[in-house]
Amino acid sequence: MHHYKRSALFFALASTGLISLLPGVVLAQTTAASSSATDQPAATKSGKSAHVEQLSKIQVIARELTLTRIPMHAAFSESVIGPSAIRFASPMLDVQNLLARTPSVNVSTPGANGMRTYITFRSFSGGQISETFDGVPINDPLNGGSTNSASTRDNIPLTLNDINSVNIYRGINNPAVTAYNSLGGTIAYEPRQPDADANAQATVGGGSFDTWFYGLTANTGDIGGVRSLISINHNSSSGWQANSGNRNTNLYYAGVLPYDEGDGEVYAYAIYNQNKGFTPHTIPLPLIQQYGYHYGWPLDWTNSYNKDHGGTYILGDRMRVNHLLSFNARVYARNVNYHRVSYTNPAYIQSATQPYYLPNTPGNYDFWLPNPSYDPAASFGSKRAGNAYHTYLYSTQQYGFMPHATLRLPDNEVKFGADWSHTKLHSAEYWYGANPMPLVTGYNDAWDEHDARSLGSAFAQDTIRLFHGAVHVTPGLKYLYARTADFDNVGFFYPASGTVANTAHYTSPTIGLNWRPLRHVSLYAAWGKTAKFPDIAAYYNNVGEQNASGQIVAVPLKVTPEYVRDIEAGVRYEAHGFQGAFNVYRENFANTFIKVTDPATQLTTTSNGGSSRYEGIELDLQDSFSTPLGAFSVFGNVSQNKAFFTSDFTVSAASGTSAIEGKSVVAGQPLAGVPEHLANLGIGWKWKTWRASFNDHYAGSQYVNEYNAGVTTAQTIPSYAVMNFTLRDTVHLDQGMLKNVQLALHIDNVLDRRYYTYGNGDKTYSGTPFVRAIYEEPRAYFGSATIDF
């Protein structure tokens with residue numbers, strides 16, 4: 001008879017009534033990478049058999065130095081970024097920039113500490129991919145992205161201080177790892193874990209752009225059975241664009257409490273991040289050519305100051321019930337609190353003598369009299385002076401529960417689980433002629449919005465072992481559910497308050513196959529379909545509409561989720577430290593959200609109508625070897641990603657009442673912001689106490705959107721290649737508490753390439769076209785010293 005263990009957290013949740021929600025609520029689960037590992041406790045009961053890996057010298061080199069890895073047994077397209085790349089990263093590198101080392105990922109970070117980061121993954125934008133931390137979704141539930149979503153420009157959900165590794169799942173993947181919005185793929189961050197022994201580490205450093213940083217990490221070892229890791233990291237920089245200084249502070253905690261002789265463990269992770277700084281704005285290229293690479297708008301012309309703080313908090317219980325069954329249950333909470341004040345001086349707005357449009361240009365009209373009631377001209381002498389300042393508020397609170405179980409049978413590994421979360425959002429914007437300003441709904445608000453969304457899903461997945469393990473087939477099915485409600489108070493965009501709500505659901509089937517016809521070769525193929533629920537914009541744009549009779553109404557939402565059908569196939573090879581992977585994919589994107597105006601009622605609503613195709617090839621190569629000059633690990637990858645519209649559709653104006661230039665998008669037109677060609681080359685090296693890494697990232701040219709209409713133009717961002725280098729030496733001290741000192745030198749953009757990854761087409765006051773852009777980091781030097789205690 002098998003002995004079934006009790007889970008401390010499971011029964012605690014049951015006692016509070018949370019488990020009783022399971023039968024009546026649709027739930028979903030989104031495990032992190034290497035999900036089988038997260039189902040079982042890290043410790044193994046003494047006396048029970050445990051697999052001990054015997055690693056060759058080459059395998060040891062690969063594990064220690066490899067910057068990325070290729071999973072050979074997966075039935076879907078995957079990559080792994082290991083601890084070496086994370087611990088070795090430049091202090092100016094944020095989490096998402098690290099992802100650009102893998103195929104089909106491109107990242108724009110035009111400011112220090114991840115300010116205004118923008119990512120594309122197989123040509124999909126950040127709101128169309130999912131990101132998780134220990135399996136918990138960290139995307140904004142109502143606006144899609146994990147960073148810079150809904151213009152929360154310095155919202156930083158996590159830093160390199162918080163993670164140990166990253167699994168990158170490209171395209172449609174198995175439901176045990178996907179989360180909401182997984183159209184282009186899933187990025188799964190694995191948490192840093194506490195060490196078994198007590199130790200500490202202190203880092204201090206600085207460099208270009210008046211940058212300085214410090215970090216403190218302490219591992220408590222075993223205290224009363226609990227192992228804890230506590231870490232703080234701070235980075236302050238003036239930035240490479242003038243007037244874009246930024247400060248970021250990150251606090252991280254990880255704790256583990258083993259129980260039942262190591263068969264179970266209660267664990268906790270907590271991330272708190274605070275960021276403050278100015279927005280780096282787009283600059284017309286003619287001004288950069290005139291004043292230099294570092295030019296930024298003078299603060300007395302225009303500026304945007306951002307403050308954000310928030311966190312992710314997870315409490316979980318992993319238990320191996322017996323040799324067949326294990327589970328992992330988590331409760332979690334997340335919050336974002338963002339605040340921005342923007343200002344543009346009316347004396348410098350676009351004119352015959354100042355030909356360029358300034359960000360945040362104030363409107364030259366009465367502030368929506370009579371309702372709201374603020375009169376800018378009467379209060380500050382002119383309409384523009386009375387609209388010169390904007391305050392933008394955005395805050396979310398999310399709570400969730402995620403159970404997950406694995407059943408290991410002789411020829412099957414069955415995974416099933418769920419997730420349920422509820423999120424509240426408050427978003428508002430106010431305009432005034434001074435700061436601080438009154439924040440009064442019905443007086444000077446552009447909008448004052450309160451939203452809620454419940455997300456859930458449930459999944460089942462089976463990995464079937466056939467022909468003595470030569471073939472693995474992984475079918476899966478996931479059910480996705482969303483209940484969304486939006487309420488808008490009276491404001492500039494809403495002459496009357498109103499509510500729009502709906503419920504949506506979708507079923508996501510997937511199947512993958514991995515076949516190893518030869519010892520060193522595996523072939524794989526996968527097919528799947530998944531969906532993205534509408535962002536909250538689809539709801540609030542339906543409030544405050546005026547029909548043909550002149551009545552102000554809220555238009556019922558009639559929209560179904562966007563969805564993608566993905567098919568891909570590939571081959572992998574592994575032998576003597578070398579790994580290679582090649583695959584092709586095609587993702588057909590349908591039901592794209594578009595604006596449609598009914599000619600009879602004159603009401604505009606979000607509908608489904610557009611379609612597009614994302615297709616490409618990906619080649620990923622890695623090798624590890626040892627020489628008299630040291631141990632080396634080398635990686636390189638090349639990807640081609642094509643993204644283009646496959647249907648004609650019309651884009652409506654910002655007010656949602658008319659179209660911009662008629663038929664805005666035509667079949668065959670490419671998507672903007674998508675480099676067709678991407679490539680990476682990286683080398684890791686170790687010799688005695690010395691370590692070094694080099695990596696080079698190339699991105700081909702890409703089209704840009706028109707600044708106001710948001711549709712693709714004929715203008716392009718040029719291709720670029722940027723190289724980074726790190727060198728580190730470890731000096732062994734062994735003087736009492738002092739163990740080692742690590743001295744590191746980081747050189748970003750070694751060849752000092754002048755390039756930009758984000759831009760828009762625009763026109764001067766007289767109508768001359770030009771491109772406005774935000775330039776990326778020039779060559780920069782950073783040094784640091786780390787003491788191990």
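The model is a predicted one. The protein contains nine helices and 38 strands. Of its 789 residues, 57% count as buried. Among the contacts with a separation of 6 or more, 70% are between residues 24 or more positions apart. The accessible surface amounts to about 30800 Å², and carbon and sulfur atoms account for 58% of that area.

**Strand pairing**

Strands β20 (residues 445-466) and β21 (residues 471-488) run antiparallel and are joined by 16 bridges. Asp 451 has Asp 486 in β21 as its bridge partner. The two strands, β20 and β21, form a hairpin with four residues between them. In the turn, Phe 467 has a positive phi of about 55 degrees. On to the next pairing, β21 and β22 are also antiparallel, with 18 bridges between them. Here His 472 stands opposite Asn 514 in β22.

**Salt bridges**

The count of salt bridges comes to 14. The table lists some of them.

| Residue pair | N to O distance |
|---|---|
| Glu 618 and Arg 170 | 3.1 Å |
| Arg 465 and Asp 411 | 3.0 Å |
| Lys 532 and Asp 535 | 2.9 Å |

The side chains of Glu 618 and Arg 170 meet in a salt bridge. Glu 618 belongs to strand β28 and Arg 170 to strand β8 (residues 163-170), so this pair ties together parts that are 448 residues apart in sequence. Both residues, Glu 618 and Arg 170, are buried. They also take part in a network of salt bridges that links Arg 122, Arg 170, Glu 568, Glu 587 and Glu 618.

Arg 465 forms a salt bridge with Asp 411. Arg 465 lies in strand β20 and Asp 411 in the loop between β18 (389-409) and β19 (412-432), so the pair ties together parts that are 54 residues apart in sequence. Arg 465 is partly exposed at 34% relative accessibility, and Asp 411 is partly exposed at 34%.

In the bridge between Lys 532 and Asp 535, Lys 532 counts as buried because its relative accessibility is 4%, whereas Asp 535, at 24%, counts as partly exposed.

**Nonpolar surface patch**

Strands β22 (498-518), β27 (578-597) and β28 (604-627) each supply at least two residues of the patch. The most come from β28, which gives three residues. Val 571 is located in strand β26 (residues 562-575) and is partly exposed, with a relative accessible area of 31%.

Notes: Residues numbered from 1 in each chain as written. Predicted model: local features only at pLDDT ≥ 70, side-chain atom pairs only at ≥ 80, totals over all residues. Heavy atoms only, no water. Buried < 20%, exposed > 50% of the residue type's maximum accessible area, 1.4 Å probe, protein only. Contact = heavy atoms within 4.5 Å. Areas by Shrake-Rupley, 256 points an atom, 1.4 Å probe, with all protein chains shown as cover. Pairing = 2+ DSSP bridges. Salt bridge = Lys/Arg side-chain N within 4 Å of Asp/Glu carboxyl O.
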